[in-house]
Amino acid sequence: MSYIRNMLPWSKLICIFAVVGLSYCMPDPRSCKNSTMADVVILLDASTSIGANNWKTEITFAADLVKSFSVGSNDVRFAAVMFNKDSSKIFDLKSFSAAQDIADTLDNIPYPNTVGTNTHLALAQVRSQKLFSTMSGGRFIAKDVLVILTDGRSKHPTLTQDEVELLKASGTNVISVGIGQTDRNELARMASKSENVFTTADLRLVDHIKKEFSTTICDIQPLNQVSTLV
C-alpha cells in the first residue's frame, strides 16, 4: 500500500507523476499574501480658495491616508503634486520607502496662499512627466490611482476635464476628495465612478482603496523537503 513519508496537507503539496510510476511530492514553493498593491499620486490643491485652515485639514488628511497603508515594493507607493496657479511635483513614487517619512514631508509643506486653481496643469504634469511610469518608481503589476484633493472649483473646468479623461483612458483610477466648500459636480465628473467621490470627513476612503486595489502577491521560496510515493 502506498504511503507518504513526512506527511503534509495535500493543499500544500505539488506532486509530479513520472513515467516510471514514481510520484514526487514537495511543499508548494509559493508564499502568498493578500496585498494592496497600488501606485498612488496625490494632487494637493494649494489655491487661495482653500484657505489656511482647510490646507491644514488637507495635509493632515493626506498624511493620515499614507500612514494607513504599508509602503513598499510589494505594497503601496505614493507621490505628490501641489497646484495653484502653477503645478509642482513634491516627490515621486520612488522617493520614499517608509510611510512616516512621506507623512513628515507632507506635514512640512507650508501653505503658499497663491491665487489660481489650475487643476488641469497638475493633471497634465502627471501625464507629461509620466509619474506612474517605472522611471518615476511605478510598477507594471500595480494599479495606478490618482487622488485629487480639491474644492473642485478649477479655473478652467473644460481643460481640467479634458486632462482627467486622458488619464482615465490610460487606465488611471481617479478618486476625488472634497475640501471645504466644494463643487460636487466637478468632483463627480473627475472621478472614475460615483463611488470614488469622498470628503475628508469620510472614513471609507482607506477601506475603498484597499478593497478596489487588493491583489495576491506570491514569492517563490526555496524547496527544502521532498516526499516520495512508492
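Predicted model: local features only at pLDDT ≥ 70, side-chain atom pairs only at ≥ 80, totals over all residues.
**Exercise 1.** Work out how the axes of helix H1 and helix H2 are oriented, and which residues meet.

*Solution.* 
1. Find the helices. H1 spans residues 51-67, and H2 spans residues 99-107.
2. Take their axes. They come within 8 Å and cross at roughly 175°.
3. Apply the cut-off. Angles over 145 degrees count as roughly antiparallel. H1 is therefore roughly antiparallel to H2.
4. List the contacts. H1 supplies Ile59, Ala62, Ala63, Val66 and Lys67. From H2 come Ala99, Gln100, Ile102, Ala103, Leu106 and Asp107.
5. Sort the residues in this H1–H2 contact by class. There are 8 nonpolar, 1 polar and 2 charged residues.

**Exercise 2.** Describe the surroundings of strand E7: is it mostly covered or exposed, which strands pair with it, and how does the chain go on to E8?

*Solution.* 
1. Locate the strand. E7 covers residues 143-150.
2. Check its burial. E7 is mostly covered, with 7 of its 8 residues buried.
3. Look at strand E4, residues 38-45. E4 pairs with E7 in the parallel sense, over 7 bridges. Here Ile42 stands opposite Val147 of E7.
4. Turn to strand E8, residues 173-178. E7 and E8 run parallel and are joined by 6 bridges. Leu149 has Val177 in E8 as its bridge partner.
5. Trace the chain. From E7 it passes through helix H4, residues 157-169, to reach E8. This β-α-β crossover is right-handed.

Methods. Residues numbered from 1 in each chain as written. Heavy atoms only, no water. Axes fitted to C-alpha atoms, helices over the stretch in contact; angles between N-to-C directions. Helix = DSSP H or I, 4+ residues; strand = E, 2+ residues; numbered from the N terminus. Parallel < 35°, antiparallel > 145°, perpendicular 65-115°, else oblique. Contact = heavy atoms within 4.5 Å. Nonpolar A, V, L, I, M, F, W, Y, C, P; charged D, E, K, R; others polar. Buried < 20%, exposed > 50% of the residue type's maximum accessible area, 1.4 Å probe, protein only. Pairing = 2+ DSSP bridges. Right-handed = clockwise from strand over helix to strand, strands pointing away.
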